[in-house]
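Dear colleague,

I am passing on the structure below, followed by notes on what turned up in it. Please read the notes alongside the coordinates.

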Amino acid sequence: MVLLSTSEPTGVAYVQTTNLDGESNLKTRYAKQETLQKIPEKENVSGLIKCEKPNRNIYGFQANMEVDGKQVSLGPSNIILRGCELKNTTWAVGVAVYAGSETKAMLNNSGAPSKRSRLETHMNLEIIFLSLFLVALCTVVSVCAAVWLRRHRDELDYLPFYRRKDFSEDEEKNYNYYGWGLEIFFTFLMSVIVFQIMIPISLYISMELVRVGQAYFMIRDAEMYDESSNTRFQCRALNINEDLGQIKYVFSDKTGTLTENMMEFQCASIWGVDYNGGKATSQDQKDGYFVQADGQVLRPKMVVKTDPELLQYVRNGKETKEGSYVHDFFLALAACNTIVPIIVDTPDPTLKLIDYQGESPDEQALVYAAAAYGFMLIERTSGHIVIDIQGERKRFNVLGLHEFDSDRKRMSVILGFPNQSVKVFVKGADTTMFSVIDRSLNTSIIRATEAHLQSYSSIGLRTLVIGMRELSTSEFEEWHSAFEVASTALMGRARLLRKIASNIESNLCILGASGIEDKLQQGVPEAIESLRTAGIKVWVLTGDKQETAISIGYSSKLLTSKMTQVIVNSNSKESCRKSLEDAIIMSKKLTTTSGTTNETGRTLGTGSTPVALIIDGTSLVYILDSELEERLFELACNCSVVLCCRVAPLQKAGIISLVKKRTSDMTLAIGDGANDVSMIQMADVGVGISGQEGRQAVMASDFAMGQFRFLVPLLFVHGHWNYQRMGYMILYNFYRNAVFVLVLFWYVLFTCFTLTTAINEWSSVLYSVIYTSVPTIVVGILDKDLSRLTLLKHPQLYGAGHRDECYNKTLFWITMLDTLYQSVVVFFIPLLAYWGSTIDAASIGDLWTLAVVILVNLHLAMDVIHWNWITHAAIWGSIIATFICVIVIDAIPSLVGYWAIFEIAKTRLFWFCLLAIIVTALIPRFVVKVLYQFYAPCDVQIAREAEKFWAQSQSAAVEVEMSPILDHPRR
Amino acid sequence: MDTNGATTSSAAGGGSTSKSSSKKHSRKPVYSRFTQQELPACKPILTPGLVIATFTIIGIIFIPLGLVSLSASEKVVEIVDRYDESCVPSDYSNDKLKFIQNPSINKSCVRTLTVPKLMKSPVFIYYQLDNYYQNHRRYVKSRSDKQLRSVSDEKSTKDCSPEDKTVDGPIVPCGLVAWSLFNDTYGFSVNSKTIEVNKHDIAWKSDKEHKFGSNVYPKNFQSGGLIGGAKLNSSVPLSKQEDLMVWMRTAALPTFRKLYGKIEQDLQANEKIQVVIQNNYNTYSFSGKKKLVLSTTSWIGGKNDFLGIAYIIVGGLCLFLAVCFILLYVIKPRPLGDPSYLSWNRSPAGHPN
């Protein structure tokens, strides 16, 4: 909807876009001046709006409005999208431009791409095997049935148990017999029905239930609760829990993920002088700066620590030359932004707080800083801003605003001063700023500023350079007309505007630079350290510039001084190729000095020098989607750390797909901002940080949490558990169903291949519903192979997931062999024991039912690692429930098997059979398990033993054993 | 920052649990040992001692059980006599079917059995059929358990065809199972002194009391074109027709025995028993075998050595495994939980991957 006018005289409408992008701060939307005056109720507004086709970009809109013969340009700030809520605005009138399914909200409604866990993908393959097996069973049965029918075709008419002929009518006819071919076909169909439990449909349901349970525990984990933002862990995708246990690559955003994205203005360099405050924060500044107006006190909401020396300059006004530069500097900070000040009432009626709301936290920090030095932004509309300078309110006309874009990496604002002079203030990243600064002017100051910038970024500060220029009237007129034309252009408006902006942003006079501290989140270095110990590769993809990225890399222990840095910074494809090749040779030389290289090209050598690859976005432009990708991947595999700086959101996704295409390893992307969305959706597992930059990343993610360091418990503890549980559960479910089907199958071989089941139909149905379902689900949710403490202490244990230890082809086939053996035992022990006896079908069926159920549950019990009361209840409860069900079924007189269980349970032979079946069936599995655990123990097994036997008595010794490994450089 | 926190927490206030009142809007998960997955638990580990003990105990229990059941099975005295071949007169031996289907021929047949050992009362009389698929799907489905229970369900014969009804109404008991009721009879005598055969209580008590109705009488039974087996006395209710009950408990396996009756007196060793068999039942059409079995019983059931042997084998195997494991642990021990066995400690290079 294009805004025409609002209740505010300035034409402002405040909207909340929680539904669209999740950001809860207020955004301003403006009605155009041209339509603002017309009150729709009183006069007709006639005009024509030409707008672009409906698209899903909620941050962009291009249209033209023709009102009263005047061309007016419309941008994203002039429309209110479906899903927005009006706040602090009583009414707003507009013209709907997109409706129904064409609205941006609806077009964005596609949802995240569905992801399927890797375990499930593998499992589906195994299910195909099982289906083939099922078909094979059915074929065997029908072929045998065919042979039997053919061999006895002359006897069928009078066989007492077949009786093909019906003699009750006068005319003899075949009864229920449709010929040899059809009988075989029916046999096949019937066997499909009888054996269909082979395909564990219930497994899918159990898996969903287990995942819900696992998600419940992840959400409830107190160690993943973030105090500061009061957020719990969020599980947004329910089908990839177990993938968390197999992550091999972590792609991390920097801002807001590794760092807190709580920008704090730290220091400034103005006119070549470095003011890094905080040396002596004066006590009287505790409450920060405030202004008094109409008996009311206005105070910025956040207090920024100030530099007393600088404050002094500001106070003394602009009499001195330095003073005027300082004045301009802070004016630029206060004006050159898109921050909206919102005045918030406090319980104290005389005190009001100003809350600066805006999209960029850097800008917020800068405006708060300006306010602290007495340049308080009080009001902003599309036409003017009001700044309180040292208690004196001044109104500036905003003549033009060139918004920040990622190409220019700067923004500028053109202010009309009360004294009619026009100045342009520019603020931007240093690389782009120095190219537009007039280098002939004040070379010493530029040099000093550059030096300061260097030192700022070396301590990990984010830097911005501020420049200014006074515009002459002619210059302004020229710009103004160009701007008018450009901003109403329908085609290529962005390009035109950019061109105009770069025209005006030239020959600037440098004012200074600001340093904003981007605080590392709590526990980030430790988290990265343990991720790397676990054999996970951490790649940092950031939009920051190289120096900042490297400095953050050092402070987060991603980079260490032992590492050799390979830096790829190129401006063309050819130079890219060259530097990549050089880098590969170098990295190979470095890593293979003493190393053995395993099949993925990663080095095992302890003596080798780890290599860190640092690559920038410009190079990536040439590398991605070209044949150089292969090279980059090769290089990246040789490096222990990859740091990509200056990358665009789409490049982030490109890097992930680069890795995904070439390896089968699982990737995880973690990020917090809208720019990470593509990356989060591309990765196998996307994790969103519910931090400062809105909720877009969270919306796109599969899991969301408050802090980066929660990644460690998420992967090492929950991921490991989930993977182990799910892997075991799938195998067990295959086994459980197959063993039952095989018992049915063996019996069919003794019934002329006619699909009679000794086990009655009720028990067949209840088998996977009541008899055996609960324990698998409980074990799938609650079993723990190792304690949280052990898993966190030895991140290497995470390697179990990398090596597919809990679910792989070999395990599947071993399980199937075991299944075959167990079914043979279950079936043939009673068969031989009762051969030629008076046993009836229902009784032996009950014996088989109970034997299978007890066996299957004990099999599970044998593999359970962590027995708590719920596990006990589930397993023993299931066995008891089975007995009860069998008894209830046999107490129904209209069923064939009436009272069979009581009759057979009276005989001792029954109990002897049961005991023999269970012991005999479990022996091979037990032996293999013992041998495997004892002679080829996996890490998890040893750690489990250590947990039990070494935990208290010899923890010190373990520590000693572990420490040398933690010390030496990995890979 | 603050407003953010406030809005998120208020938005999610509903989700937080009872603690929200005490702690203002905190979404911190309430601590419990359950939600933190820290329930007290027992974590059994297969230690060498445990493994060896398990195998030894299984061995120690199984071998005696096997021996006991084997000896019990040995004590059972069993006489099995196959009579289907020899009870056909020699002139019909090439066309047995003709013999059995001709109702006018006298089917009596005398067999002499020698008691090998003293048979203590009660001696059970079974008939055994081989190659008779009482578990054939067509067969087991062809019955109506409802009809057997009450008169009111007399007409529920939909599963019974082709023996569901005649022109005179529904057949009771209907279906192939009942229709094919075994009809050979045996008379026993020692030294021309008749031995009493007790044909009561050969069926399950539950069948007599609940499954077969005391007011359901046979109707139109074996009156169709093809006679399958025995006829029933239509003045005796089904709940008293114990032979039918035994027959209707369809056997699980193609070789089966059914209880015929009991001899409630001891049979001395080397006694010669004369059995007069009415050889009526047709198993010749599908080359089934008919056997008469006299057997005593033991606490474990009839004569079957399989289970005893199985127990001994399994028990022996377990003891053998126990010894093997003891040897293995002695020759090549591995201290449990020794971190030096961890893969990243074992490989000299340092890292597993």
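Lys557(A) touches Pro525(A), Ile528(A), Glu529(A) and Arg532(A), where contact means heavy atoms within 4.5 Å and residues up to four places away in sequence are not counted. The residue is found in the loop between α15 (546–555) and β27 (564–568) of chain A, with helices (H or I, at least four residues) and strands (E, at least two) taken as DSSP runs numbered from the N terminus. Between Lys557(A) and Ala527(A) there are 9.5 Å in space, C-alpha to C-alpha, although they are 30 residues apart in sequence. Because its relative accessibility is 43%, Lys557(A) counts as partly exposed (buried is under 20% relative accessible area, exposed over 50%, partly exposed in between, with a 1.4 Å probe and protein chains only).

This is a predicted model, in which local features need pLDDT of at least 70 and side-chain atom pairs count only at pLDDT 80 or more, while totals for chains, interfaces and linings use all residues. Residues are numbered from 1 along each chain as its sequence is written, chains are lettered from A and ligands numbered from 1 in the order in which they are written, and side-chain values use heavy atoms, leaving out hydrogens and water.

In chain B, eight of the eight residues of strand β3 (residues 123–130) are buried, so the strand is largely enclosed by the rest of the structure. Strand β3(B) runs antiparallel to strand β9 (residues 256–263) of chain B, joined by seven bridges (two strands pair if DSSP finds at least two bridges between them), and Leu129(B) has Phe256(B) as its bridge partner there. β3(B) also pairs in the antiparallel sense with strand β11 (residues 289–295) of chain B over seven bridges, where Leu129(B) stands opposite Lys290(B).

Best regards
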